[in-house]
Amino acid sequence: MSTRTDTAPAATDRRSWLRDHSELGVCVLLLALGALVLTDALTMDVDITQRGPVGPRTVPVAVGAGLLLIAALLAVDVLRGGRGEAEGGEDVDLSEPADWRTVLMLTGVFLGAAVLIEPVGFPIAGALLFWGAAFALGSRRLDRDPLIAAVLSVVTYAVFDQLLGVPLPGGPLMGVL
């Protein structure tokens, strides 16, 4: 019986220590992400003729090293007794249940736009996405929302396609825009 009473407080103390240092989970996540980014960057196949003065490995290596540094600094802070502060500025009532209807509507609108982008093009799929998202989030202005969605979608298409050089499918409007 003495073994049972001896192990119970040890397990409780260990759980209590882990609960008090739960931020170490974030440290482990940052460490794993940093190692993944660094491994991917350092094993990247780079042709020397494609390299400019900086090269394609520079930013991923800097990001990976930054993630490892932040993980180490956060771990030191947590082990020294540092604790994250609870957010007090949010105006979210945690006693209210999640609004799954809105989440499912937004998911459906997003998936619908993803399916429609190739056959109908970005301007039409984007307009449906913007209009559907506004509707799912509570806007019921059927006189104004479709027009705003269409303008926003065409402007987004023009910026990406013309100014940034990122080709988006134009669909049936390809010759018009």
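This is a predicted model: local features need pLDDT of at least 70, side-chain atom pairs count only at pLDDT 80 or more; totals for chains, interfaces and linings use all residues.

Now select helix 5, residues 122–136. Helix 5 has 15 residues and runs 20 Å from its first C-alpha to its last, close to the expected 21 Å. Color its buried residues: Phe-122, Pro-123, Ala-125, Gly-126, Ala-127, Gly-132 and Ala-136. What covers them? Show helix 4 (100–120) and helix 6, which are included in that cover. Before leaving, click on Gly-138, which follows helix 5 and has a positive phi, near 115°.

Next, hop over to helix 6, residues 145–163. Its 19 residues reach 26 Å between the first and last C-alpha, close to the 27 Å expected. Pick out the buried ones: Asp-145, Ala-149, Ser-153 and Tyr-157. Turn the view to look down the axis of helix 6: these buried residues fall within an arc of 95°, so they line one face of the helix. Here's the background: an α-helix has 3.6 residues a turn, so residues three or four places apart point the same way. Helix 5 is part of what covers the buried residues of helix 6.

Zoom in on Leu-147: its relative accessible area is 57%. Leu-147 also belongs to a nonpolar surface patch of about 720 Å², whose members include Val-151, Val-155 and Phe-160.

Last stop: Gly-165, which follows helix 6 and has a positive phi, near 75°.

Methods:
Residues are numbered from 1 along each chain as its sequence is written. Side-chain values use heavy atoms; hydrogens and water are left out. Helices (H or I, at least four residues) and strands (E, at least two) are DSSP runs, numbered from the N terminus. The expected span of a helix is 1.5 Å times one less than its number of residues. Buried means under 20% relative accessible area, exposed over 50%, partly exposed in between (1.4 Å probe, protein chains only). The arc is that of the directions from the helix axis to the C-beta atoms. Contact means heavy atoms within 4.5 Å. Patches are made of residues with over 30% relative accessible area and no salt bridge: like charges are joined within 9 Å, nonpolar side chains (Val, Leu, Ile, Met, Phe, Trp, Tyr) within 5 Å. Accessible areas come from the Shrake-Rupley method with a 1.4 Å probe; for residues, only the protein chains shown count as cover. A salt bridge is a side-chain nitrogen of Lys or Arg within 4 Å of a carboxyl oxygen of Asp or Glu.
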